[in-house]
Amino acid sequence: MPGFLVFKFGGACLLGPDDIVAVARYVRSRLDGDLRAVIVVSAMSGASGAIDELMKELNDDPPPPSAAVALASADQLSAALLSLTLSGS
């Protein structure tokens with residue numbers, strides 16, 4: 001049965017493309033043999049704030065379900081960018 005390593009990277013670790021590449025390299029360096037990774041990432045630094053500002057420009061009191069989806073998209077973007085970086089060569 002393979003073992004798992006769990007990683008958590010906050011927004012301060014994800015300031016831009018160079019940082020995403022560095023995180024991917026770090027994860028790869030920790031994995032060997034049958035180890036698998038579970039990786040949790042936060043939104044890139046500033047992304048949630050930018051989305052929050054945009055929402056407020058559009059609606060002073062956004063409905064909570066819509067706001068939650070919009071803010072979660074920042075985390076999802078980080079996850080997608082790290083995943084595609086790890087999938088690359």
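The model is predicted, so local features need pLDDT of at least 70 and side-chain atom pairs count only at pLDDT 80 or more, while totals for chains, interfaces and linings use all residues. Residues are numbered from 1 along each chain as its sequence is written, and side-chain values use heavy atoms, with hydrogens and water left out. The chain holds three helices and two strands, and one salt bridge is counted.

**Fold and overall dimensions**

- From the N terminus, the order of elements is β-α-β-α-α; helices (H or I, at least four residues) and strands (E, at least two) are DSSP runs, numbered from the N terminus.
- The chain is more spread out than a compact globule, because its radius of gyration is 16 Å, well over the 12 Å that the globule rule gives for 89 residues.
- That radius is taken over C-alpha atoms, and the globule rule is 2.2 Å times the number of residues to the power 0.38.
- Along the principal axes, the C-alpha atoms fill a box of roughly 50 × 30 × 20 Å.
- Of the contacts between residues at least 6 apart in sequence, 75% join residues at least 24 apart; a contact means heavy atoms within 4.5 Å.

**Surface and burial**

- The accessible surface of the chain is about 6000 Å², and carbon and sulfur atoms account for 59% of it.
- Areas come from the Shrake-Rupley method with a 1.4 Å probe; for residues, only the protein chains shown count as cover.
- Buried residues make up 20% of the 89 residues, where buried means under 20% relative accessible area, exposed over 50%, and partly exposed in between (1.4 Å probe, protein chains only).

**Charges and the salt bridge**

- There are 6 positive and 10 negative side chains, and the centres of the two sets lie 13 Å apart.
- Lys and Arg count as positive and Asp and Glu as negative, with His and the chain ends not counted; each charge is placed at NZ of Lys, CZ of Arg, CG of Asp or CD of Glu.
- Lys56 and Asp52 form a salt bridge through their side chains, at 3.2 Å from N to O; the rule asks for a side-chain nitrogen of Lys or Arg within 4 Å of a carboxyl oxygen of Asp or Glu.
- Lys56 and Asp52 are four residues apart in helix H2 (residues 47-58), and therefore separated by about one helical turn.

**Selected residues**

- Met44 sits in the loop between strand S2 (36-41) and H2.
- Leaving aside residues up to four places away in sequence, Met44 touches Gly11, Leu14, Leu15, Gly16, Ile20, Ser78 and Leu81.
- Met44 and Ser78 are 34 residues apart along the chain, with their C-alpha atoms 6.2 Å apart.
- Arg28 belongs to helix H1 (residues 17-30) and is partly exposed at 33% relative accessibility.
- Ala72 lies in helix H3 (residues 64-87) and is partly exposed, with a relative accessible area of 27%.
- From Ala72 to Gly88, 16 residues apart in sequence, the C-alpha to C-alpha distance is 25 Å.
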